[in-house]
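Biologist: I have a model open and would like to talk through how its parts pack together. Could you put it up for both of us?

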Amino acid sequence: MNTTVILFLVFYYVVVIGIGVWSMRRGATDDLEGYLLGGRNVGPLVTALTLQSTAMSGFMFLGAGSLAYTQGYWAFWYAAGDLGGGVLSLSVIGRRMRKLSRMTGSLTAIEYLEHRYPSPATRMIAAGLSVFLLAAYVLAQFIAGGKGLELVTGLPYPVALLIALTVIIVYTFLGGYLAVAYTDFFQSLIMIVGVLWILGAALIHVGGLSAANAAIAEIDPTLLSVWGKDLEFHGQWGVVAGAVLVFSIGYMGWPHVVTRHMAMAQPKTARLAGAYATAWNLLFVSSPYMVGVLAIIILPNLEDPELAIFQVAHTLLPSAVTGIVMAAIMAAIMSTADSLLLQTGSIASRDLYERFINPKASDREMVMVSRGLVLTIGIVGYFIALVQPPAVFDVVIFATSILTSAFAPAFICAVWWKKANTPGAIASMIVGSLTSFVWEAGNLADTTTLAPVTVGLLVSTLTIIIVSLATQSIAPVPDHIVAAMNETAKVGPIPKRMLAMSDVALSPEAEQIESILGHGREEP
Amino acid sequence: MFGLPVTTTLLIFGFPVLWVLYTIGFLVVSRHWSEKADES
């Protein structure tokens, strides 16, 4: 057991929990809007970094490293999309989603979908899909955290897993969205420092990039190509498209990421946040893939490729620096896991419990239910991660592919296409997720050379267009939604009559918000 | 470059350039957003 590394990690955990406590005192956590969206008061820098660090999970240090280690430069197709995922999402739906969610009084991404596509079925289907997929996604983060701590500390996997999981749950409990956003901000900085440090050390060790590539060419020249080891994916543009799309357009289909748009202080916050997101991505995204490639030379006989980056850090760096790198790896894992837990708890409590079980639930009760669900997911996740831990890469690609296929067209059309109606959105979510799931489960990518997300996204998009157009006469988009969309397209203050304008019969919370804001008050 | 095939070089360095250009384009197109009053 390496004492220096452990001390670094303990210090890191204390800082993270300290930020959570500070956030809790800063924000009123008994208020639901404060707990779920940080009171919609998050600025561009924190928005960008919480969005990016949430999107960059333990996948970046386990899955990305593993993919690059086994497939060489092919892995960079994933980085190619990921580099622009943040700015794409912020520029396409960021400002409009912030404004529309404010007008409809939506506090979760799923509630927002129901308000835009009015029907209890919208929320039931979207919430069910989200809870299942986000729970799977968070499971991958638990496994990644457990594996990392086990390697560095020498603790048994069950103990390491328990420690990682406990820290995540404690600070998610503390302050809700604000705690998550500020810890994400801190962790995103640690991630940058850690990954650049390990990349620098690896490059120095191999004698520079040119020397590394020459050495890789001697092992297997196909690893230098864009088609994978032994040119496995040669000419398979459907698979390439999937690799690029899942982490670019994909951002717009992930509830835990698009929620960041709703929490922005201003719709226009999206503008600067987009620039910050790109800057952060330029520093971060490609580095784990590059370290994975360099690990081919540094650690040619690695038993578990998912540990490539951990092992490179362990092998090349002195203990004190390894501690920083390990903190960075834990930061990537925890900054995603906390957001996933908060989002899953929010959706299950607000979109299922309050909406369908107890519509009269108070804000305090809702926060308690959300926290209870976070704890339950943590406990169930712990035992699954303990008994049968799947590969992190597989789980993340599975969950993100289906989330993208299910929700990206619905979220995009919600602010851009006035004819997108309820039947179209519901059909799109069902058909898109089912297609992607069947493609994944049936390994159809191997026979068709089309990635699940490529097919799922295409089918989901076509479905929302065709079904919406075919059902315009029987299910027109309500006038108040069209009016809200017209207002959303404009840049400027929200008129008083448009605030919390959602039909109160569908959203009791809109009535609460309206009464709090008061009638007739013009937004500044 | 760096001993890599041209296509790999384009993949590694070309996409970052494209996203930087996209971001600059977004900032230019949305420059009037920040000139407007409080939108909250």
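This is a predicted model: local features need pLDDT of at least 70, side-chain atom pairs count only at pLDDT 80 or more; totals for chains, interfaces and linings use all residues.

Biologist: Let's start with A:V42; where does it lie?

Modeller: A:V42 sits in the loop of chain A that runs between α2 (32-37) and α3 (44-55).

Biologist: Is A:V42 buried or exposed?

Modeller: A:V42 is buried, because 26 other C-beta atoms lie within 10 Å, and the cut-off for calling a residue buried is 20 or more.

Biologist: And which residues is A:V42 in contact with, leaving aside neighbours within four places in sequence?

Modeller: With those neighbours left aside, its contacts are A:T47, A:A181, A:A263, A:M264 and A:A265.

Biologist: Switching to the largest nonpolar core, how many residues does it have?

Modeller: That core has 200 residues, and the ones with the most contacts inside it are A:F142, A:I198, A:M326, A:A327 and A:A328. Its largest share, 21 residues, is supplied by helix α8 (residues 157-206) of chain A.

Biologist: What is A:I198 in contact with, beyond its neighbours within four places in sequence?

Modeller: Beyond those neighbours, A:I198 is in contact with A:V291, A:I309, A:V312, A:A313, A:L317 and A:V325.

Biologist: Now helices: at what angle do α7 and α18 of chain A pack?

Modeller: Helix α7 (residues 120-153) and helix α18 (residues 422-441), both of chain A, pack at about 20 degrees, and their axes are 10 Å apart. That angle makes α7(A) roughly parallel to α18(A), and their crossing is left-handed.

Biologist: Which residues meet there?

Modeller: From α7(A) there are A:A121, A:T122, A:I125, A:A126 and A:L129, and they meet A:T422, A:A425, A:I426, A:M429, A:I430 and A:S433 of α18(A). Sorted by class, this contact has eight nonpolar, three polar and no charged residues.

Biologist: What about α11 in chain A, how many of its residues are buried?

Modeller: Helix α11 (residues 255-262) is mostly covered, with eight of its eight residues buried, and these include the charged-class residue A:R260 as well as A:H256 and A:H261.

Biologist: Last one: how many residues of chain B are in contact with chain A?

Modeller: There are 25 residues of chain B in contact with 33 residues of chain A. On the chain B side, the residues that touch chain A divide into 14 nonpolar, eight polar and three charged.

Methods
Residues are numbered from 1 along each chain as its sequence is written. Chains are lettered from A and ligands numbered from 1 in the order in which they are written. Axes are lines fitted to C-alpha atoms, for helices over the stretch in contact, and angles run from 0 to 180 degrees between N-to-C directions. Helices (H or I, at least four residues) and strands (E, at least two) are DSSP runs, numbered from the N terminus. Angles under 35 degrees count as roughly parallel, over 145 as roughly antiparallel, 65 to 115 as roughly perpendicular and the rest as oblique. A crossing is left-handed if the near helix is turned anticlockwise from the far one by less than a right angle, and right-handed if clockwise. Two residues are in contact if their C-beta atoms, placed from the backbone, lie within 7 Å. A residue is buried if 20 or more other C-beta atoms lie within 10 Å of its own, exposed if 12 or fewer, and partly exposed in between; C-beta atoms are placed from the backbone. A nonpolar core is a set of buried Ala, Val, Leu, Ile, Met, Phe, Trp, Tyr and Cys residues joined through C-beta atoms within 7 Å.
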